[in-house]
Amino acid sequence: MSNYDFHRLLEPMEFQEFARDIVQKRDGIFLESYKEGKDQGVDGGCFNIDNTIILQAKRWKCDYRTLYRHLKNKEKDKVIKLNPDRYILGVSMDLSKENKEQIIELFSPYIVDSSDIITEKDFNNLLDDDLYKAVEKKYSKLWLPSTSILQNMLNGTVHSVLLQESIREFEEALKKSAVFVETEAYGRAMKILNEKRVVIVSGEPGMGKTSIAYQLGRFFVQRKGYEEFFWIKSVDDIYIAQRSPGKKVIIFDDFWGSTFQESSIAGKDEQRLAKIIERIKIEKNCILILTTREYILKQGLEKHAELKEVIGKYKLECRLEEYSEVEKARIFFGHLQQSKLNWQQTKELFREHKEIVRHANYNPRVIEMFLQNVELNEHPKECVEHFWDYIERPENFWNAIFNNLSSEAKLLSVILLISPVPSLIDHIKKTYYRCLKQMQRVIDKKNFAEVVDELEKTVIKSMALDDEYTIIVKFQNPSAQEYIFNYLRNNIEHYFEILSHGSCYHGQLTYLLNHYTRDSEVRYSALMKKCIDNFESMPLIPNDYREYLDSNEFEYYYDSLEETTQLVRFYSILCGYSTRMKTDFSKFFINYIENYNEQMRDIQVEIDDYNLEMIYRLVIIRYLECGLKLNGMEIIHIYFERICFENGDLDVHKFQEVFPNEYSMFLHDNRQRIQKYIEEYFEHKLSVYIELNNVNYCKFIVNQILESFNTYELPYTSEFKTIVESYMSFLNETEEELDEDQEEDFEEDAEWKAEKIAYDEVVETYTKEILGEVSYFWEEDLQDFIRGSHIDEELKYELLEIQDSEEYWYIREFMADEESFLFLEKNLLESKQIFKQPMLFISHLLAILASKTNVDQKKLISFLINFCSEVMYRENAKFTKDEIISTEAYTLNFEYDEQYLELMIEGGLFIEQGKWCKLVNILLVMIPYGMVIAGMNKDEKSDFYNSMDMADQWQKLRAKRKKEFVVEDSTYLTDIGFYYFENTEWEKLFLKLFLELDPHDYLDYYVVPTIQNYFQKIKKESHIDTASFILKELDFRLDINKQGENAGGMASMPFVWTLIESLDLGCGFDIVPYEFSEEQMNYISRQFDLVQDGTEEVYKINLGEITDVDIISKLGIDDSAIKLLDEIENNLRELIIKHTD
């Protein structure tokens, strides 16, 4: 019988789809599916004229009362609004008959009968029916076996030399299965494999080809009864695998990688593989899964017609495309969920999800490597900073990678660095083999294909262009290029001879010249001579593949020119020329410029447009920077005449900076010629684009015309303006064209909105999965829980009384959230009574816990006392199991024995939430810790209370906002400086605690001196001065709405106010009145301006910066401040009297 734990095995969205598929199969209906997003409570729906059916699936594992509360408070109104004819509810937990009847009554008349409430047991019962086997097979996570089962299976089925390799690969597959995301590509690959028995998964490095192969193979072993699994490395291994009996899965990862290519003599392996594929199609007792890099597949198929024919005939290729943002998010969240990070680190990284997913350097492999190397004691903020270093400036990341690369792989990385990026892979290959000859000390030199295979895992990225013959290669992300640039700088002595003698292309030499010779006369002279000697003989590498750069890569390569002409090559050498070096190469540059200027003058000589419009000016400017001399007027005239002849864009003004005097004379002497040329040039340009009806570009040309006249200080004559307007009148800006554009924009906007909704839904789901849920009670919810409890009626009444009482706050803390209440309830079922004294209350809870779990009570209490310091200063009490076991508190009492933690989880002390173990209530460690303090002698106790002096810690920012029926109070901690407590609610509990456990000494040693010292500091000679001082210290900011109500405020609260509020002596925000009179409002309106704040207008007053104390008096703040201080002093006196008696 099936016994799946759907809550553990399926993600929320997967459970929704699973429930939909089950209901469709059971009821013979089709339920519409919705993209992940805000679906108004509908996970599937059947809508037609006769009736409407909606399905909702809840992947919950909780107390039934929690589920019922959620359905009642959240879902019922949604269903009523949708008003379906039938409502079906699927849940991933079991319900009793009475539970189902309650839910049917709640949703009457929408739930027809109990069969429309499908529980975990119901789903498992249905899966035992053969009718649902297809649904079961579809959700691979249901049937993923345990590691031990797969290990036994593999030991029994994998043969001879393939045994250990296959076991290792399967173990790796198991590790990665928890983070595997079933993308659209996985579904396509599964479809091909089911139909054809062979699939080739192709894609770029890091896209998940191997992960898909793992999951496909495991599916056929576990769900389709395949008996053997083979992870093979050659075609020969396929023959070995095929000779074994039984049904088998064969995976050939990166089949056209280095090993396959090098062993493929004269295409024999390709021919054999083609025959194997044909045979597998016939025999039907084997499936074959192959993976390869996309460009290698394209390149290989062009060389091997027989294999190309087989793959094409059966349509075996499944190409992996770019991930969607939703898929990227799920992959990132999956890795984060399985990481060893602590909760605070996890939360901080989780909050970065949007920037991570949209970052151009997003790479699952980099994310995985980072998460594997995080130190658990690293501050969460530093953890995030280090993550972005990995993504954007990953020096440590690249250090780790580069240290493990072969010397040949390092060489190839450096070759790519000095070549144009992207480069043709054939150019890189040619240079690699030539450089390899220079590496005399490397004995077993790797071939090019092996090295590419090694680098593609992390450093480089190759891609096939549309013609399938052209393969280009570039760095996987710009940070790799940056790292290798510095690596070569630090190791230039090692590589200089290899690269200078091994470079095949002139651009490689000039790159070295420009970046790695400034600090060495020897390297400079050798390279400059080599560049000049090979100026005309060495081939060019045309850098015409920039369109394949990603948006974040342009900043790294924008200043590198395409080496398409000899002038570009000259300019590259000129950029490396230095007059500081002893060797003089100036003659070469002088001769070249003289010859080129002669060519510029000779209209019979063709001048490249790129040279004329861009490079020539750069050459002249750099030539002058090198201290070489030119005739400025001659250069400007040469350039102008050639531009006029070529009918090019006039950029003479760019010579103004280097030839200011000559430029002014040129403008003066040639105004009419320049005016005429500009008019003729732009009139011709307009006529061309008017003919094409290119509206936007024509408008751009009109702007260019105006700019050109302004640049050369020429008039935009009315005659020429008339000509321009005449041309522009021919443009056809039709409504139809505009409507089409608007429709396209609308479609794009709708698609974007749908994707955003889907993304937000994924984030919402994983927020609960990764960070855990918070289960606060509303008052009526708690009353429902108490009344629905199985404890004695007398205890129920007692709990309801405590809820309404102002006493026994420590018991009420166990009634503030669901987990704490269930822990209390479980213990009350055992004890049948409530102890109301705090020490007895906690001691009794722990005694029952120790008894139920068989954990020694002394060790348990010792653990909790020592564990208090581990948890108290955190944001919450969530830990991984490894974190808890590695704490000093645990090892001191239980050594490293994991069974005690499991016993404490079983007893309810810790609650499992995904990978987190959450301490059920902070008072379980605080009160035992406080009991130790209360039991100290006077001197020890005095020292402890004095150590609690937090007056010098950083202040907290407190904000209070008045809403329609609620006043919200929030506390924020600054990101700078030191602060003891991250959880301010726990801080208040800690400060209240000692008033219960050790009231007399706590008041004497700490509370009274702390408050009295503060009052001595703030009290001044007059009430108004006192109020003014407090407002300045708190930097108090007040919002007052037009109705005269205190609409909220903000203040920077010192610790003493937290102490005052924790002991219920007063509230810091009461320093200002809550209402203002009509007279005061008239005064406020004259002194301050109304500001829009959200949906209402308010007066924002910074009381901390007011120097005119009359304002404080007129607003009545001096009276309210003194009233508050008097209230605090009176309450403190009453507190002392109460605890003295």
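In this predicted model, the axes of helix H16 (residues 325–338) and helix H19 (residues 364–372) come within 10 Å and cross at roughly 15 degrees. H16 is therefore roughly parallel to H19, since angles under 35 degrees count as such. The crossing in which H16 passes H19 is right-handed. On the H16 side, the residues that take part are Ile331, Phe332, His335 and Leu336, and they meet Pro364, Ile367, Glu368 and Leu371 of H19. Sorted by class, this contact between H16 and H19 comprises six nonpolar residues, one polar residue and one charged residue.

The protein chain holds 56 helices and 21 strands. Of its 1141 residues, 53% are buried. The accessible surface of the chain comes to about 54,800 Å², and carbon and sulfur atoms account for 47% of that area.

Phe720 is located in helix H37 (residues 718–728). With a relative accessible area of 3%, Phe720 counts as buried, because the cut-off for that label is under 20%. Once neighbours within four places in sequence are set aside, the contacts of Phe720 are with Glu679, Glu683, Ile705 and Phe709. Glu680 lies 40 residues away from Phe720 along the chain, and the C-alpha atoms of these two residues are separated by 9.9 Å.

A cis peptide bond links Ser108 to Pro109, with omega at about 5 degrees. Pro109 itself sits in the loop between helix H4 (97–106) and strand E4 (117–118). Asp254, although not a glycine, has a positive phi of about 50 degrees. The loop that holds Asp254 runs between strand E7 (248–252) and helix H12 (258–263). Tyr808 is likewise not a glycine, and its phi is positive at about 55 degrees. Tyr808 belongs to the loop between helix H40 (793–804) and helix H41 (809–812). The relative accessibility of Tyr808 is 24%, so this residue counts as partly exposed.

Key:
Residues are numbered from 1 along each chain as its sequence is written. This is a predicted model: local features need pLDDT of at least 70, side-chain atom pairs count only at pLDDT 80 or more; totals for chains, interfaces and linings use all residues. Side-chain values use heavy atoms; hydrogens and water are left out. Axes are lines fitted to C-alpha atoms, for helices over the stretch in contact, and angles run from 0 to 180 degrees between N-to-C directions. Helices (H or I, at least four residues) and strands (E, at least two) are DSSP runs, numbered from the N terminus. Angles under 35 degrees count as roughly parallel, over 145 as roughly antiparallel, 65 to 115 as roughly perpendicular and the rest as oblique. A crossing is left-handed if the near helix is turned anticlockwise from the far one by less than a right angle, and right-handed if clockwise. Contact means heavy atoms within 4.5 Å. Ala, Val, Leu, Ile, Met, Phe, Trp, Tyr, Cys and Pro count as nonpolar, Asp, Glu, Lys and Arg as charged, and the others, Gly among them, as polar. Buried means under 20% relative accessible area, exposed over 50%, partly exposed in between (1.4 Å probe, protein chains only). Accessible areas come from the Shrake-Rupley method with a 1.4 Å probe; for residues, only the protein chains shown count as cover.
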